[in-house]
Structure formats: structure tokens, C-alpha cells
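This report is written for a reader who is new to the structure. Please have the sequence and the model at hand while reading.

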Amino acid sequence: MPCVRTNGATIHYLTFPRERTCPSGRPAITFVHGGGGNAQTFLFQLPFFASRGFYVISISPRGWGSSKLDDDKAEHLASRHFASDVQAVLDACSVHRTALIGHSIGGFLVTRMAIEAPERLTHAVMSSTFWGIADPLITRYINEGGMGSDVRHKIAAAMKALLPPGSTAASRCSRGAEEGRPYDDPDNFSISFRMAQPGLAWLCDSMDDVNTQVCSLDLKSRYGLLQKTGAVTPTALRACYRGPLLFTVTECDSAVYWECVEHVAAQCESLPDGPTIVHMLSGSLRHAPNIEDP
């Protein structure tokens, strides 16, 4: 697996095709996975987009998968490093501009790139994520919305109440446990998927097992700190990045409620500095539609 050295870490990534550098003239797409995955999380998307003429990159952020922080120092997981990590990989692959897709916490890298290096993005895609966008209700959702309580439902309801009246999102039904979105079960996959594809579900669950440094340094506990120190308001985001901004979300995501995504997307959409689109994936899909329905 190719890698680059940058800012106290070794960043590993995958490319498809396997050429180490992007052929001249080929458009690029770059994926960044969520907290429970690694660069192999997008095993379906890499060959799909490559077959359609794209040079595809999948990055394991610092501390995840084979990407290691030097000397097991958690301070190397600072928000200021993430955009430079992505740029180092793009430079190594001879990619000047790319569509950047971040799933879950991977969205944090998308927003950091949009702020620090917007000229290198053709499109910014936030998949099942609000990470990296600063908002008081999002902060409450992160800090107060623990699993196993109804706090998240209440905060989500407050966000929904702020959506533009008459919009599709404002009139959408908010699902509860009986409709497939239990607040005490932040599973990546629906029950039906686990029953139909037990081997694939197991394979994806086991990807988190290779995140040894995530466990040893308890890096997931630092998500809130990353959000606090590195998130930006929709206004600041759109002031820097004026290209296409796409949010994708599912109705039954029990980790990142669709109301959260629609809430931050509506704020971005209200600004005149670039197109913002929300694509809702209906049905029983949960937090990892890239696996459940690639």
C-alpha cells in the first residue's frame, strides 16, 4: 500500500487503477472513510468509478488503518493536520484537483480541505455527516445526545423545526425505533442487510479491528475536540469554497440523524456562494449505504 510522510504521521492510501500517479487528463475522486473503517471501506466504489474513467483514491486518515501517528502521540491528531494530509496524498498521485467524498467523521477532512485548499476541490461530498460544520445544535447533538436516551430525538426535532417551511425536509416524517431508527442502536447496517449478507457485514465490522492505534490511543474520544477546534460555520465554509456541495443522508441512520444533515445543509443552501444539494436515500439503509447499497 503506498504511503506519504507528513506532520508526524505516515498516511497510507489505495488507488484504482493501481498506477501510483494519475494519468494525464483523467478526473479524480478521493474517498475518506468514517470512524470504524479504513481505506478498504470503499471496496465497491473504487472499481465502479475507475471503470467510468476516474482515477480513484481512498485514504486512511492519520491513526486509522495502516496510517500511523509517530511515537503513539495523540497530539498528532490535531485538526490542523488533516487538510495537509489529503494534499500530500494528492501531490504524491500527481492530482491537482479532485472530488472529495467524506463519510461520517471523514466529512471533517472535506470541510478542512474546503477551508484550507478550496482550489483543489472540484466537488465536496458529505456522506452521512455533519462533522466539520459548526452549529450550536450540532454541538448539543454531539455532547448531549448519548445513545440510549431520547435526547437526540429532541435535538433532531429542534433542528427540523428550523428547516424552511414548506420544504420537502420540513414535511418529512422523522422515524423512531418502530420505523427502523432506534436511538439506542447506532448500527452501520439495517437488520435486513445483516440477515441477507452476514459475511459482508462481518467483513465490514472487522475493518475496525485493524485500527489498532485508534483503540490504543482512544482516538474516537477526540472527535468532539476535533469538532471544537476545527469546525467552521456554514458562512465561513461557503466564503472559502464556492463549488458544488453535496450532502447524502439516509432516513434510518441512527448515528447521524437526517435532521442534522438537513439542518446544516439548509444553512449552506441559503448562502449565495455555490450550489448545495441534499440527496436522501430512502428505505431501511442506515449509516453505511456505501456498503449496504453500493
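The model is predicted.

Strand β2 covers residues 9-16, and seven of its eight residues are buried, so the strand is largely enclosed by the rest of the structure. In a regular strand, side chains alternate between the two faces of the sheet.

β2 pairs with strand β1 (residues 3-6) in the antiparallel sense, over four bridges. Within this pairing, Val 4 stands opposite Ile 11 of β2. The two strands form a hairpin with two residues between them, and Asn 7 in the turn has a positive phi of about 50 degrees. β2 also pairs with strand β4 (residues 55-59), again antiparallel and over four bridges; here Thr 15 faces Ile 57 in β4. With strand β5 (residues 68-69), the antiparallel pairing of β2 has two bridges, and Thr 10 stands opposite Lys 68 in β5.

## Asp 85

Is Asp 85 buried or exposed? Asp 85 belongs to helix α2, which spans residues 82-92. Its relative accessibility is 4%, and because buried means under 20%, Asp 85 counts as buried. Leaving aside residues up to four places away in sequence, Asp 85 touches Thr 6, Ile 11 and Arg 62.

## Helix α12

Helix α12 has 12 residues and reaches 16 Å from its first C-alpha to its last, close to the 16 Å expected at 1.5 Å a residue. The helix is mostly covered, with 10 of its 12 residues buried. Among the buried residues are Trp 258, Val 261, Val 264, Ala 265, Ala 266 and Cys 268. Glu 259 and Glu 262 are buried as well.

Which elements do the buried residues of α12 pack against? They pack against the helices α4 (136-144), α5, α6 (168-171) and α11 (234-240), and against the strands β8 (245-250) and β9 (276-281).

## The contact of α5 with α12

Two packed helices are described by the angle between their axes and the distance between the axes. For helix α5 (residues 151-161) and helix α12 (residues 258-269), the angle is about 35 degrees and the axes are 9 Å apart. Their crossing is left-handed.

On the α5 side, the contact involves Ala 156, Met 159 and Lys 160; these meet Trp 258, Glu 259, Cys 260 and His 263 in α12. By class, the contact has four nonpolar, one polar and two charged residues.

Notes:
Residues are numbered from 1 along each chain as its sequence is written. This is a predicted model: local features need pLDDT of at least 70, side-chain atom pairs count only at pLDDT 80 or more; totals for chains, interfaces and linings use all residues. Side-chain values use heavy atoms; hydrogens and water are left out. Axes are lines fitted to C-alpha atoms, for helices over the stretch in contact, and angles run from 0 to 180 degrees between N-to-C directions. A crossing is left-handed if the near helix is turned anticlockwise from the far one by less than a right angle, and right-handed if clockwise. Contact means heavy atoms within 4.5 Å. Ala, Val, Leu, Ile, Met, Phe, Trp, Tyr, Cys and Pro count as nonpolar, Asp, Glu, Lys and Arg as charged, and the others, Gly among them, as polar. Buried means under 20% relative accessible area, exposed over 50%, partly exposed in between (1.4 Å probe, protein chains only). The expected span of a helix is 1.5 Å times one less than its number of residues. Two strands pair if DSSP finds at least two bridges between them.
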